[in-house]
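Colleague: Before the questions start, please put the model on the screen.

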Amino acid sequence: QAVYEYNPADKDNPAALALLYVQTKNWEQAEHWNQQHYQIIETTKEKIENRCLHGFIQYQGCKKTQQAIQSYTEALNLDPTHILAVQQLANIYIAQQDWQTLATTYQNFLHKLPQHKQKLGFPFHLALGNLYRDELNDNEKAEEQYKKALSLAPGHLEAQIALTDLKSAAPETREDAIKGHIRLLQQDQFRLASYEALLNLLQQDNQIGRAIRVCRIIQILNPEKAKDTPYYTQLAAKPITKFSTQLIPQYIIPTRIQKLHDLMAITGDRQEKTYPVYKPNNLSPHLGTEKVQRPIWYHTHTILTILDLKEKDIQMHITSDPIHEIQLLNTIPPTLILPQSIIDNFSEPEQRFLLTKALFYVVQGQTLAHRLSLEELTIYFQLLRSNFVKTNTELSPDAKILQKKIYSSLSWRATRQLKNYTQEDWTNITTANILNYIKCLEYASNRLGLFLSDSLETSVKTLCFLQRLKTNNRIQREQPITLKELKE
């Protein structure tokens, strides 16, 4: 404050004071100094930022709702397309449950978006459609907004679901609703809600044969729900085997690498301190906290459900760093880092394939194997063995430190299991076997990706496109895939 009194024309001083008071939650002083800052700034950009901060101080700190609305309105008067201002204003109206004013706010924002910024309106069209459907009971306007959202982002799963559910409610659009659910199932063949909706629509349309087939699929996906369907007694009495993650090794992991697979599953999840994690910069928040705006989380969530994983079993983030492959970090729980380049360059079915490949390593406890190079993995297994089998090989000082870290990270249960390993079990840990183990895990993850994507063409193309992206920083879809690429 003394610096400000000495030089009141310096616009940086009141801004710094305002931010300092925000940090200390002295809201009245923060409001005062932010207003002082507003009186001396000149550019439109600075004024908009000031009014947004002023609205935050007034609403979150001073509890002056009407004044906060006025501040955000002033920001929008300066720039009608300022996203932060309209979002914060919307939050206030949502808290007040002032749905009509909220709808008007969204409409004004969308109406004033220039042509080159139309794509920025996508989440607002979606939110406005949800608002008309859920709060204002105007399905006609809701449908209009969902269609506008899809025109900006064709294939967006949540928008398709919303529009299809809306059409399911009206008899005159029943056929469109049936087609809509079929399109959704082409993108996510395990979506139980679409099968249940199809069953109901086909019953209403008196398509009994198709309804029974849908009922059979429901019986496979969820036997308990199938019991409530009207055709349950007509279904063939075939035993249903629930998909289990325990069956994965039995069917797609070769027995010749089973020992190494089991060894990693027993020990790998405890090595976070042995192999410290360095996360990329520019990470998004964990995607599980988001809903509508991240269709990638929808796909991840459905895959997690199929693999019998819970949301708490993984942390998932998006990074804008220039990397071109999914990273798995051996944290507890495992962390999946998805590059923005994957989202930008791959279709949703292709993203499902790549996510399934990565989540295979998580569900099998092979995250560390995904992260380490062949050389690092060979050293890991050799040092792990040296903790339980006497060896004549002299270890370097660094290797001894790493050896102790690996051993001290093991749980007592894992230690007891490893002490029961035979000499033959440990002898099989060779560089050739470890290389074979890495390749077999890669093949197994591809097979699981193929199983959940249900398309050999999609699976093969995705692998080729991913290699192109890593090599050339672009996919080049227009360029045919060559025989050499397929061999590689």
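**Sheet, salt bridges and overall build**

Modeller: This is a predicted model. In it, 3 strands make an open sheet with mixed pairing, in the order β1-β3-β2. The twist from one strand to the next averages 20°.

Colleague: Which strands stand at the edges of the sheet?

Modeller: The sheet is open, and its order is β1-β3-β2. An edge strand here has a single partner strand, so one side of it is left without a neighbour in the sheet. The two strands to which this applies are β1 (315-319) and β2 (327-329).

Colleague: Do β1 and β3 pair in the parallel or the antiparallel sense, and over how many bridges?

Modeller: Strands of a sheet can pair in either sense, through backbone hydrogen bonds. For β1 and strand β3 (residues 335-339), the pairing is parallel, over 5 bridges.

Colleague: Turning to charged side chains, how many salt bridges does the count come to?

Modeller: Side chains of opposite charge can pair when their charged atoms come close. The cut-off used is a side-chain nitrogen of Lys or Arg within 4 Å of a carboxyl oxygen of Asp or Glu. By this rule the count is 15 salt bridges.

Colleague: How many residues apart are E74 and R51, and which helices hold them?

Modeller: E74 and R51 form a salt bridge, with the closest N and O atoms 3.4 Å apart. The pair links distant parts of the chain, with E74 in helix α5 (residues 65-78) and R51 in helix α4 (residues 44-61). Their separation is 23 residues.

Colleague: Where do K148 and E144 lie?

Modeller: The side chains of K148 and E144 meet in a salt bridge at 3.3 Å, N to O. K148 is partly exposed at 37% relative accessible area, and E144 is also partly exposed, at 41%. The two residues are 4 apart, about one turn, and both lie in helix α9 (residues 139-152).

Colleague: What relative accessible area does E457 have?

Modeller: E457 forms a salt bridge with K461, the closest N and O atoms being 3.0 Å apart. Both are in helix α26 (residues 456-472), and because they are 4 residues apart, about one helical turn separates them. K461 is partly exposed, at 33%. E457 is exposed, with a relative accessible area of 52%.

Colleague: Which residues are linked with E28 in a network of salt bridges?

Modeller: The salt bridges discussed so far were taken as pairs, E457 with K461 being one of them. In the network, E28 is linked with two further residues, E31 and K64.

Colleague: What share of the residues of the protein chain counts as buried?

Modeller: The protein chain has 27 helices and 3 strands, and its C-alpha atoms fill a box of roughly 80 × 75 × 45 Å along the principal axes. It exposes about 26,200 Å², of which carbon and sulfur atoms supply 51%. Of the 488 residues, the buried share is 46%.

Colleague: Among contacts between residues at least 6 apart in sequence, what percentage join residues at least 24 apart?

Modeller: A contact here means heavy atoms within 4.5 Å. Taking the contacts in the protein chain between residues at least 6 apart, those joining residues at least 24 apart make up 58%.

How values were computed
Residues are numbered from 1 along each chain as its sequence is written. This is a predicted model: local features need pLDDT of at least 70, side-chain atom pairs count only at pLDDT 80 or more; totals for chains, interfaces and linings use all residues. Side-chain values use heavy atoms; hydrogens and water are left out. Buried means under 20% relative accessible area, exposed over 50%, partly exposed in between (1.4 Å probe, protein chains only). Two strands pair if DSSP finds at least two bridges between them. Axes are lines fitted to C-alpha atoms, for helices over the stretch in contact, and angles run from 0 to 180 degrees between N-to-C directions. Accessible areas come from the Shrake-Rupley method with a 1.4 Å probe; for residues, only the protein chains shown count as cover.
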